[in-house]
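Subject: Model handover

Hello,

Here is the model we talked about. Please load it, then read the notes below.

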Amino acid sequence: MAEPRTAAFVRHDQLPPSPPPAAETGVIKWLRENLFSSVLNSVLTLAALYCIYALLSGFLPWFFNGVWDAESVRDCNEQMGENRGGCFAAIEATWRQMVFGIYPNDIYWRPVTAFVLLWVAFAPVLFQAVPRKLLYFTLLYPFLAYWLVWGGTVLIPVLALLGLVVGYVVYSRLVDQSFAMGFLGGVLAAAIFWWLSGFITSNAGDVLALREVATRNIGGFMLNMILGVVCVSLSLPLGIVLALGRQSSMPIIKWICVIFIEFVRGVPLITLLFVANVVLAYFLPPGTNFDLILRVIIMITMFAGAYIAEVIRGGLAALPRGQYEAADSLGLDYAQSMRLIILPQALKISIPGIVNVAVGLFKDTTLVSVISMFDLVGIIRGPILASTEWNGVYWEVFGFAACLFFIICYGISQYSQWLERQLATDRR
Amino acid sequence: MKKTMMLGTLTVAAVAAGAASAQTVNDITDRGSLNCGVSTGLTGFAELNQETNRWEGFDVAVCRAVAAAVLGDPEAVTFVPVTNKVRFTALNSGEIDMLARNTTWTYSRDVDLKLEFTGINYYDGQGFMVPAALGVSSAKDLDGATVCIQTGTTTELNLADFFRVNNISYEPVPIETAAEAKQQFLDGACDVYTTDASGLAAQRSSFPNPGDYVILPEIISKEPLGPLVRHGDNEWGDIVRWTLNALIAAEELGVTSANIDDLAAAPGDNPEINRLLGTEGGLGEMLGLDADWAVRAIKAGGNYGEIFAQNIGEATPIGLARGLNAQWTNGGLLYSPPFR
Amino acid sequence: MTSITDPPQASFRLSMLINDTRYRSLTFQFIALILLILFMGWLANNAAQNLEDLGQDISYEFLGDPAGYDINQKPIPFSSQDTHMRASVVGLMNTLIVAFLGCITATVLGVAAGVLRLSNNWIVAKLMSFYVEIFRNVPVLIWILIIFSIMTFALPQPRAFRGDDAQASMLFDAVAFTNRGVFVPRPIWGDGSMVVVATFILSIAAIFFYRRYAKKLLFETGRLLPMGWPSLAILVLPTLLMFYIMGRPITLEYPELGGFNFTGGIQVRGSLIALWFALALYTGAFIAENVRAGIQAISKGQTEAAASLGLRPGRIMSLVILPQALRVIIPPLISQYLNLTKNSSLAIAVGYMDITGTLGGITLNQTGRAIEAILLLMLFYLLVSLGISAIMNVYNNAVKLKER
């Protein structure tokens, strides 16, 4: 029989945990785990650090030695002396042209107001939380913006808006009979109204007229914004029609849409712009000649429409078959089922894709500089680089241009990611 | 969203475009402004002033003179900057009424492209510019050189011909705009920069150290530059042609922007001045304009000599001598047909 | 869509064209077709009218005329006396060259950036995000211009290599980085060089067979043969051996400073480099996003399962994750390749003589044949696009087949 063993000492409480080894704590641990966990990782870290060093050692002296106040590039070089730096005075001197083109100096408030209101108009489209009432302002916005940017009598946008209202009223009267009839009736009514109002505007003179600004004088980043916003807005309906056409069961309509979409997607935008610039005029009735900006808008809209059609087609394909069948079983006709059931869902799924196309399109508006329009890039490559004062200032102005685009595009792409997350939780 | 605006504009445009294309003058008076195609930026010839947002230059002055003659206002011009590529299509499609953009008058442009050159406002020729440090004294020494050219111009073809005829090799670097060609040349991406001699002088004047660059003596082509209009509307062509001639004749006759008011007030001794300024005869009516048309054109920027001196002459940084562009009475080629 | 058929009716009435679903679609299509034909006819009529007014015509005869201009980068012999047609072909080849180089570089960059962006290494991940965001959100035209100006401003002129105390020197006495481009040695194929090339090709085939054999062995017996070093040895050794046996038939022509410029060697022009890298960096940023999305689409369980089998992180990526992610990545990758090819038309901004520069640029300017040149240009791009999508779709289907 063994005597129960008695321990001399029994610990009743737990030892306080000793601090982790130095290599497993704080900054060092973080460094070890994140930056130097393996040989390969260490090499990568060192390479990355070198990259950052190389970038910063090039950029920082250039930035901090920069001259912000000078008359011309020669003045800049004199002020800098030995230290090479940027001549940021060029941005100071030319930012007006880069942003507004040759828009008259004293009425910058008009495009600026239009720009600010643009975000107000976009808010209800972009964010569900914004009161729905603002959507009325969104509808009103294009007319307001036109009046602000181009000027002229307020009658033109007002009558254009009224024409739309007349069209809508006729449409809502007739749509009960059939969608096609309502649609045609609406378009016809609006067209007649616009035709009649043409006489009013040509005779009524200047009611509430703002100073008119010729399209030619609109340039710089403002032109990129206008082209981007107008073309994306116009290409949405075109894209929807093309996407529906491509899904259609009618072979001829389907093939027309397929050929159009594949053709436009198969050629570079720049060739379409050449068409707008040098060929389109041949295909219009003799004597008609409308603005280059209008021709460019038509071409970019076609281009964007084809891409948006593909995005929406993806959305349509992603909808469960049951939705189509359910719509049919309710006895809805094609127009009704699309309008009330299919499209609202398909469009919602497609929003992130559409936003991506929109960002791409906005960036592509710089291509108009190739056909000698003075957008942001065009005005830099043309008058600014050619000017005697700022000859040789290259990085500074292109850096400024890149920054402007980055701010807008990065903002929109962050929005798109946010929206994707919102939609993702929605569908779970 | 803006579709309605487009439709509205389209309807208006369609209504307005009822007129036949042969009546450019009517289109211009209806519009109230002259659409004039100019270069996107060439020092001295067409330049957008950074402060005033106003176009200035030798070519621009021709546009203003025509606008003054037709519309009575030298400011009633919409300047449409066009690149080499689009200039002729812009003209043919009616986007611009006239092109004043140092464009060379050639057979194929006149006959095949159906353009109408209305005269010559600058006699030019293609030259070469090299850095003085290269020690080149003749274009024939340029074997193996890298040459910057602006694409879409006659320079490209002349260059190919010149090097082929002289059996020397070169490497062309085609560039879209004058500004970028200048950058490339200054940074040594090409050894030689070739364009019209006037353009070379204009470019050189804007270099940081103009003295470091020399223009070679060879002029390898004839480049008569002048304003042009579409084929087929002779009335409009006549107005542009004779506006240019009026500027040239005014210099020959000693009519300047300083004394024109006096000379135009009453008929003077010189019958040709009287006919030019409309104090005698009915030359303006023949053109479909009023009697004062030439007075307004000359007042817009002065006579040919004044325009030259102000924009590209020896007193300006560009510093071009009159040379071939002097009046025929001074040994140059400028020779306006008589106003009779 | 609706499958209800009305009971057969006795006679056909005109109103049935609208009201009867069996005929309605025919009616619509008929109307659409008529409208389309009318529209096309209207356009053609306008064009004919306009051309007549201007006294011009549509003719492709200009393609047979001498071009009259020179092209700097010519994959096939070309002089100013050759035809516009040949100039267009030179341009087309240049387009394909830059598209090919760009696609490969963009893929390498994109896959590397996409994988590294997901790495645990904080600095590398952030650096890659920075790269992706900054390139994705600035127009490619601005990037082309900026990289072109880096080429012109930052690199030395050929003049700088001259003299005893030259400011710049050649890398290994073989490669010169100048602002006119990069000069690299040109191989000269002497007698017997074909034997060396043939050996090299055979070695590649041998590697292929070795790998197949190793894989078979692995599956049958579980023995894992080493892969990397033997492959490299098969690739290099026989060729090297043959190279010396044949008495070093392949020599290199080094670039040398000539009169104005480097002569000899191969000149990779600044415009090509600028366009190539701008397009590759820009498209690479998009590909990185596709790769990241593809990898993230593979469930984390796959990584964990692979890790529990004892695979190293590199192998997890290359053997387990990437092959699966590839199926998600390939379709957007195809459209990125297409975008790159189409964006290469911006060559015109840096004076690279691609097809937009020759046919759509100088030829169009010199002949004034706008309609013809632009139609041809669009046709070329359409064919190239269709060609690329066809090739890539074949590949896509090959990848897809492995799916159950």
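A definition before the count: rings of Phe, Tyr and Trp (its six-membered ring) pair if their centres lie within 6.5 Å. Planes under 30 degrees apart count as stacked, over 60 as edge-to-face and the rest as tilted. Note that this is a predicted model.

Aromatic pairs

Over all chains, the search of the whole structure gives 50 aromatic pairs. One of them joins B:Phe185 and B:Phe207. Their ring centres are 6.0 Å apart and the planes meet at 40°, so this pair is tilted.

Now chain C. C:Phe208 and C:Phe209 make an edge-to-face pair, 6.1 Å centre to centre with 65° between the planes. C:Phe208 is exposed, at 52% relative accessible area. C:Phe209 is exposed as well, at 55%.

Chain A holds a cluster linked by ring pairs. Its members are A:Phe59, A:Trp62, A:Phe63, A:Phe64, A:Trp68 and A:Phe88.

Charges over rings

Which ring does A:Arg265 sit over? Its charged end is over A:Tyr307, 5.4 Å from the ring centre. A:Arg321 lies over the face of A:Tyr324, and here the distance to the ring centre is 5.2 Å.

Domains and interface

Chain C splits into domain 1 (16–54), domain 2 (64–160 + 170–184 + 268–404) and domain 3 (186–253). The C-alpha centres of domain 1 and domain 3 of chain C are 63 Å apart.

Between chains C and B, 39 residues of chain C are in contact with 38 residues of chain B. The two chains bury about 3,000 Å² between them, with 50% of it on carbon and sulfur atoms. On the chain C side, C:Phe260, C:Asn365 and C:Gln366 lose the most area to chain B. Together they account for 23% of what that side buries.

Confidence

The average pLDDT of chain B is 84, and 94% of its residues score at least 70. Over residues 1–22 of chain B, the pLDDT is below 50. That stretch has 29 contacts in the model beyond near neighbours in sequence.

Best wishes

Note on methods:
Residues are numbered from 1 along each chain as its sequence is written. Chains are lettered from A and ligands numbered from 1 in the order in which they are written. This is a predicted model: local features need pLDDT of at least 70, side-chain atom pairs count only at pLDDT 80 or more; totals for chains, interfaces and linings use all residues. Side-chain values use heavy atoms; hydrogens and water are left out. Buried means under 20% relative accessible area, exposed over 50%, partly exposed in between (1.4 Å probe, protein chains only). A charge sits over a ring if NZ of Lys or CZ of Arg is within 6 Å of the ring centre and within 35 degrees of the ring normal. pLDDT is the predictor's confidence in each residue, from 0 to 100. Contact means heavy atoms within 4.5 Å. Domain bounds come from an automatic or database domain assignment. Buried area is the accessible area (1.4 Å probe) that two parts lose on being put together, summed over both.
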